[in-house]
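Hi everyone, thanks for making time.

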Amino acid sequence: QSLIYIKSYDPVSIIFADIRGFTAMADRSTAQRVVELLNELFCRFDRLAAKNRCLRIKLLGDCYHAVSGLPIPTPNHADYCVILGLEIIDTMHKVREKFASDVGIRVGIHSGQVNCGVLGLKKWQFDVWSKDVTLANYMESGGMDGLVHISEATKNYLSDPSCYICEPAYGGDREPALRSINTYFVTASTPEEGLENKPSIGLLTRNENEELFNLYHALGTANVLFSPMTAKEKSIEKEVMATMNSSINSRSIRRLKKINCKPIVLTFRNKHLEREYNNEPDQMLQIYFFTATLVYFIITIVQFILIPIDQTLIICSIVGFVWTTLVTGLVMLSNCQESSPCRMIVCLSVNICSDRRKAQLLAIITLMIIYVAIVLPVVTLDCSENEYLRERAVHLVDPKIHKAFREKCPSWYMSYMEYTLLYTMMIMALTGAFQIITFTCKAFVMLFMVSCYIILFFTAPTFKKVWNAKSTDYYKYYLMLIVLVSLMLLIVIHSQQSEIIQRLDFIWKRQANDEKEEVQKMQKINQKLIENILPAHVAKIYLEKDYQHSDLYHETCESACIMFASITNFYFTSDASENITVLNKIITDFDLILNEPQFRSIEKIKSTGAVYIAASGLSPSTRYGSETDHVVQMAVYALRLKLHVRDVLNKKLGTKFIIQIGMQVGPVIAGVIGASMPQYDIWGNTVNVASRMDSTGLPNHTQV
């Protein structure tokens, strides 16, 4: 489906500049030399057009086509076009000397109304259409080498015609289509004082910019910018800087936290984002549970060494070891294939690991079981067995080391209060290591542990002996409480910061994925656009990573088939909307036929008005097999176009369109002009002969 984007501008000035003698020169030159010459000329013309507020529309082989007065209307459009024409002729003389080529240039200008936009499905090019555009083309063909040929309409739009040297041109003597209008040759502008008195035009004169003029003409290269930085470049630079500052600010931790997270609980304000976060697996989950199992195993071994073995210790050790082993094994099974024998268990493991809330609940239960299994055997221990503990510890440690240790810490192994404190601190540290648990849940878990310790501190039978001893070192035991509460606060603060970073990492990762997807999407769009502008085999070269964009693509095709198909009785009337709709229907239908697989060897070159230009045999892939295969495809395509116009378009639109087709086979030069705005085109005598075959053919026939 083709959408039409058309806008009308009135008045504007249209300029055509055609290089005389280019076809003969192209037949005598190499492809590289032809493309370099055209690129040199048209890049210079582009800079001159930008300076004179003209917009390049397209390159028609060796013809340069531009318009002044769009997309931004300007009252001095005629002046800009005339000055551009004069500077194009001056530039042509300099390039001709540089390349030692005997080529000239004709310039034609007409002013009036145009409709602009993009038509068709393939090889999109911004274009303008109207009867005034056709008349401007006639102004070029009816002109003379080295002169700017303007219509009376253009002369009337000049802000001050006395600033230019004008003389009658009698264009109707050379071009029959111009017999009904008066035409003039503009050979030069009057002395530059006249132009300087017209500040509204804003021309770049030699007196005001002598240094830039000298730099531009002395270096004589298409890669030299006309000014250090144009207004457009400054605008782009400001836009880039603003985007970078916005990107940096958007990644500020404080700003992101304020925008996305709730103040205390740190959950995302966006419920959808919170669900997405909870459904993202924690890659460290298996390590958390493995670490918890390892820590519990080590503490259990220490307990069996330091405290008397009783029924409570054995039961708690078995329960804790079985639970931690089963839970860790369950979490580890998430890496197994679902097709394994334990499919249901694997599915359960995957379900837990892929849901943070379920994994968090399992982690909290595991920590509570570990805490109870470690502390309960200590607090329920019979105090009368203290002596047994002391004797057992003496035998397990070297007597000298044990004696020294006992002198420095006489109460550590004699009191279970310190054991419980150390166990509680270790489990609290282990709780802090579980990043899967939110910091609010960690705070409640550690508050539970600290509360249990405080209650045991004053009520447990094992601890009462300390109070009954009436020791003067009570402050040491209260210091334990202070240390425990301080550790809890430190872990809570650290967990809060860790969760903030973890959540912001999730946001950054999400943003990075979104940006990556956007970049990939834009890359595909750009690739489609490039392939729509350039043939696929040429676009592939431009998309290569190691391609130097200053290089110019050029190739000589020894046996290419060129086709010109024109609707000879299509005319632009006063109903511009209807004209463009019909023209778009014609071009779109031709493109749809060309998209059929049987015509894969044919490449659309361009469409100009109601003229459709295509070529085959341009890419290496179309040269396999017989040399005439692509020519046969072109002949079949030409027949399809003729039948489509007669049997489909004329019946559907109620018209009586006549199509003429011309074809020619022979050598052509193919290349891309311009590095920043590449345009693919073909040149050579074969192209001109194909055009003549079309223009001199018979209605509804194909001339070869």
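About 90 Å³ of space lies in the largest cavity. By cavity I mean a set of points on a 1 Å grid over the protein atoms alone where a 1.4 Å probe fits but cannot get out, with lining residues having an atom within 4 Å of a point. Grid points are joined across faces, edges and corners, and a volume is the space filled by probe spheres set on the points.

Please keep in mind that this is a predicted model, where local features need pLDDT of at least 70, side-chain atom pairs count only at pLDDT 80 or more, and totals for chains, interfaces and linings use all residues. Residues are numbered from 1 along each chain as its sequence is written, and side-chain values use heavy atoms, leaving out hydrogens and water.

Back to that cavity. Its lining includes Lys58, Trp124, Trp129, Ile587 and Lys604. Strand E5 (127-129) and strand E10 (602-608) are the elements giving two or more residues to it; strands here are DSSP E runs of at least two residues, helices are H or I runs of at least four, and both are numbered from the N terminus. By class, the lining has 4 nonpolar, 3 polar and 5 charged residues. For the classes, Ala, Val, Leu, Ile, Met, Phe, Trp, Tyr, Cys and Pro count as nonpolar, Asp, Glu, Lys and Arg as charged, and the others, Gly among them, as polar.

How many cavities of 30 Å³ or more does the whole structure hold? The search finds 2. Helix H20 (474-533) and strand E13 (679-683) each supply at least two of the lining residues. Where does this cavity lie? Domain 1 (1-221) and domain 3 (548-703) both give residues to its lining, so it lies between them. The domain bounds come from an automatic or database domain assignment.

Now for a pocket, meaning an open set of points with protein on both sides within 12 Å along at least five of seven lines. The second largest pocket holds about 1,700 Å³. Of its 47 lining residues, Leu60, Asn137, Thr608, Val611 and Ser691 lie nearest the centre. Helix H4 (residues 131-141) gives the most to this lining, with 7 residues. Domain 1 (1-221) and domain 3 (548-703) each contribute at least three residues to the pocket.
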